[in-house]
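Please read the following explanation alongside the sequence and the coordinates. It goes through the sheet and then the helices.

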Amino acid sequence: MTRLYYIHDPMCSWCYAFIEAWSLLQNNLSGEVEVVYLLGGLAPDTTAPMPLTVQQSIQQAWQRIEQTIPGIRFNWEFWSRNRPIRSTYPACRAVIAAKRQSAGADLKMIRAIQDAYYQKAKNPALLEILAECAEVIGLDADTFKADLVSTDVENELQRQIQLSRSMGVDSYPSLRLMRSEAIYSIAIDYRNFRTMLDEINIHL
């Protein structure tokens, strides 16, 4: 079994910037490669306001992305409409909770969170916004809300975080190719999926 682990966070702006290249890479992978999504957990739970220095750092990342990745734009009204919170674990749990209801709903939830955050200037660190996302993709709202705060979902998030850390992942997005007992780090290329595909194919 050959697996390609995609380690991400639904509120990671660079993961958002990776959408097109990642889609093209998946579409061109060998049939023997199984893709596995893995949540890295970018920022733990907190209700404290995001420090100004962190806000500035994220805004600088948005600027770099818009300047270097074709077609990626952010809704900058997020910063004036919201009280930013540096917490992505709730959004990560939302992805797990979505998958519990329906196969493939986790990928829909990732897209819904990114759309709410980056295009509609909403704050997915808030449970009510995540509940809105669940309704947008057709999940049962009551089941979703219960799963979001359940022990099972929390345990699964911690399992994924620990697995990603065991692979030496400390930034997102990241790619790890596992073949037999070996694990290979695949360099991220936001503008050309073929460089990643070529690197993967070397190990097959």
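Which residue in β4 stands opposite leucine 175? The residue is isoleucine 186. Before the rest, two notes on conventions. This is a predicted model, in which local features need pLDDT of at least 70 and side-chain atom pairs count only at pLDDT 80 or more, while totals for chains, interfaces and linings use all residues. Residues are numbered from 1 along each chain as its sequence is written, and side-chain values use heavy atoms, with hydrogens and water left out.

Helices (H or I, at least four residues) and strands (E, at least two) are DSSP runs, numbered from the N terminus. Two strands pair if DSSP finds at least two bridges between them. Strands of a sheet pair through backbone hydrogen bonds, either parallel or antiparallel.

The model has an open sheet of 4 strands in the order β2-β1-β3-β4, and its pairing is mixed. At the edges stand β2 (33-39) and β4 (182-186), each with a single partner strand, so one side of each has no neighbour in the sheet. On average, neighbouring strands of this sheet are turned by 25 degrees against each other, direction ignored; axes are lines fitted to C-alpha atoms, for helices over the stretch in contact, and angles run from 0 to 180 degrees between N-to-C directions.

Strand β1 pairs with β2 in the parallel sense over 7 bridges, and leucine 4 stands opposite valine 35 in β2. With β3, β1 runs antiparallel, joined by 6 bridges; here isoleucine 7 has serine 174 as its bridge partner. Strand β3 (residues 174-179) is in turn joined to β4 by 5 bridges, also antiparallel. Of the 7 residues of β1, 6 are buried, so this strand is largely enclosed by the rest of the structure. Buried means under 20% relative accessible area, with a 1.4 Å probe and protein chains only.

Turning to the helices, α8 (residues 141-148) has Ala141, Phe144, Asp147 and Leu148 buried. Seen down the axis of α8, its buried residues fall within an arc of 130 degrees, so they line one face of the helix. The arc is that of the directions from the helix axis to the C-beta atoms. These buried residues pack against α5 (89-101), α6 (105-119), α7 (127-136) and α9, where contact means heavy atoms within 4.5 Å.

The axes of α5 and α9 come within 9 Å and cross at roughly 110 degrees. The two helices are therefore roughly perpendicular to each other, a label for angles of 65 to 115 degrees.

How values were computed
Buried means under 20% relative accessible area, exposed over 50%, partly exposed in between (1.4 Å probe, protein chains only). Angles under 35 degrees count as roughly parallel, over 145 as roughly antiparallel, 65 to 115 as roughly perpendicular and the rest as oblique.
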